[in-house]
Amino acid sequence: GKKNARLFSPSRNVGRSTHDAQPRAPAMSSASARALGARAGGPCARSTRTRRLGVSASTAGRGFSRARAVARDDDASADATTVIPRYGEGGCFVDHCDAATVSRIQEALLASTPKKNGVAGPGCLSSLTFAVKDNLDVRGARTGAGSPRWLATHQSAANANARAVDAFVNAGAVFVGKTQMDELAWALQGENAHYGTPVNPAAPERIPGGSSSGSAAAVAAGFCDLALGTDTAGSVRVPASYCGVFGFRPTHGAVSMRGCVPLAPSFDTLGWFARDAKTLQRGGDALLPDDACNESFSRAVLAEDALEACDEVTADIVRLCVERLAAKNARVFRDAQRVRLGGDGGEGSLALPPAPALSEWWDAFRALQTREVWSALGSWIEAHDDTLEGFGPGVRDRFAAARDACRNAQDDPEAELRIVARSLAVRQSVAARLLKLAKDGAVVILPSAPGPPIPRTSAAEEVEAFRASQLRLTCAAGFAGAPQVTIPAAALMGNHSRAGGRLSGPVGVSLMSAPGTDKALLALARELTE
């Protein structure tokens, strides 16, 4: 198809009359502003927040932020004066949770916060603001999940918060809005055929990544300190990489998914974003249980086959980042061993169980994910959009494949059993190998994405090819149920970059560790970037 058809199709603005009149930014209510000021230990939270968000006096109430953008030689639009909208075209917040709704929710959340002697006590997130991906419930707001059809068939506001939202509120954070996302979370690019593409503050002419696109963009733009997202196959790690922020996917099951629209439950996790590792760690303090063990990290391994899945410049950047990691923490990273995530046997002195090559992982992941998605959402689709006409390109094709797989399973159950058994065997062998790699205090180093974000005007074929290469990297943590933190390469390189000038956008470096070591991994990320 034509390059721009997906981005500028008239269907993009269906039901979006608010694009014509820009909604106001979600102004903080007076009560919430006073509470934030008290928790921060200062008398004037509103002015502090305005400075922190980078909002000038002339734009502070109008839904725009002049967010810092990363200028690149080949991306002339990425300059320091790029206007990042909150709402409407290119905005990172959803229109159906507007300023008035946000203000009411702030008041209600403040009233329900546990108090001692009538005063809310300080929490680990005091003085911080947060946004919420629109597949998570916030009491008093509707949950749209990036889908006009979902929003239309779920007219009532949520009557309870998602468990993670409650955790942030009880820790002292102030809610500032719900964020855009890919349709029903089943995409990785951040492009929504109905609501548009949030501007990537770090590379405005390039995609922000998804499906937690609005959450990553809101943090990158400075509209909030933290933002909640979900990650099934990379939906926190990829947009964190593309927007140049920190992102965290926890151990599967470590953070409750209650109050979230499901996608593929055995892979779904609830993650979050921040602009620095200290704030990311504070988010973990509010959400995570204590680690399963107190084991400290003692060694690192570098996934060479993951680097081979990247473009040359990105692979070079990751290798340079490993040098910086070794300079920061020689005990763990100085002698990082080169390994392959997939292979027939051991790697040097490491005795490892065999697993298929990295290039084969995605087929197994897709087979399992597709069946889980239809199990979770198929009955709703059949009731409200059995022709799939209401879905955008790409997402429609994936739901059609999920529906066809379900029908084929009914027609030929023996063939279905073989497909599922083969895919489960891949999952189990990959998990066994990865868990062995991460055993005994090891950290696995790998790229968060195969390269910087592609242009917003990329052809559909390029988008799908890039998505496939992304998923070969991101399904590792999904198979192993392991925690993974994305660190912007810029946070590691500082002034030491020898290849950064060759990049067209941000690149993320990931550290993955054994399940149940989430807090230790967040602490390590902070140590390495402070």
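Buried means under 20% relative accessible area, exposed over 50% and partly exposed in between, with a 1.4 Å probe and protein chains only as cover. Trp272 gives us a clear case to start from: its relative accessible area is 0%, so this residue is buried.

## About the model

This is a predicted model, in which local features need pLDDT of at least 70 and side-chain atom pairs count only at pLDDT 80 or more, while totals for chains, interfaces and linings use all residues. Residues are numbered from 1 along each chain as its sequence is written, and side-chain values use heavy atoms, with hydrogens and water left out.

## The chain as a whole

The chain has 530 residues, and 60% of them are buried. Its secondary structure amounts to 18 helices and 14 strands; helices (H or I, at least four residues) and strands (E, at least two) are DSSP runs, numbered from the N terminus. The chain exposes about 19,900 Å², with carbon and sulfur atoms supplying 51% of that area. Accessible areas come from the Shrake-Rupley method with a 1.4 Å probe, and for residues only the protein chains shown count as cover.

Contacts (heavy atoms within 4.5 Å) say something about how the chain is put together. Of those between residues at least 6 apart in sequence, 78% join residues at least 24 apart.

## The ten-stranded sheet

Let us walk across the sheet. It is open and mixed in its pairing, and its 10 strands follow the order β6-β5-β7-β9-β8-β13-β14-β12-β10-β11. At the edges sit β6 (174-179) and β11, each pairing on one side only. Neighbouring strands are turned by 25 degrees against each other on average, direction ignored; the axes behind such angles are lines fitted to C-alpha atoms, for helices over the stretch in contact, and angles run from 0 to 180 degrees between N-to-C directions. Two strands pair if DSSP finds at least two bridges between them.

Strands β7 (residues 226-231) and β9 (residues 269-274) run antiparallel and are joined by 6 bridges, with Ala227 partnered by Phe273 in β9. Further along, β8 and β13 are antiparallel over 3 bridges, and here Arg249 stands opposite Gln484 in β13. On to β14 (residues 508-512): 5 bridges join this strand to β13, again antiparallel, and Met512 in β14 is the bridge partner of Gln484.

Strand β13 (residues 484-488) is mostly covered, with 5 of its 5 residues buried. Gln484, Thr486 and Pro488 point one way from this strand, Val485 and Ile487 the other way, and all are buried.

## The parallel pairings of β10

Strand β10 (residues 299-303) has 4 of its 5 residues buried, so this strand is largely enclosed by the rest of the structure. With β12 (residues 442-447), β10 pairs in the parallel sense over 4 bridges, and Arg299 has Ala442 as its bridge partner in β12.

## Aromatic pairs

The whole structure holds 14 aromatic pairs. Rings of Phe, Tyr and Trp (its six-membered ring) pair if their centres lie within 6.5 Å; planes under 30 degrees apart count as stacked, over 60 as edge-to-face and the rest as tilted. The rings of Phe248 and Trp272 have centres 5.1 Å apart and planes at 55 degrees, so this pair is tilted. It links distant parts of the chain, with Phe248 in strand β8 (residues 246-249) and Trp272 in strand β9, 24 residues apart. Like Trp272, Phe248 is buried, at 0% relative accessibility.

Ring pairs also link Phe267, Trp361, Trp362, Phe365 and Phe479 into a cluster.

Helix α7 (residues 213-221) is mostly covered, as 9 of its 9 residues are buried. Gly222 follows α7 and has a positive phi, near 85 degrees.

Among the buried residues of α15 is Arg433. Arg433 is also touched by Gly343, as are Pro354, Ala355 and Pro356, not counting residues up to four places away in sequence. Gly343 lies in the loop between β11 (337-339) and α13 (361-384) and is buried, with a relative accessible area of 16%. Gly343 and Ala355 are 12 residues apart in sequence and 5.4 Å apart in space, C-alpha to C-alpha.
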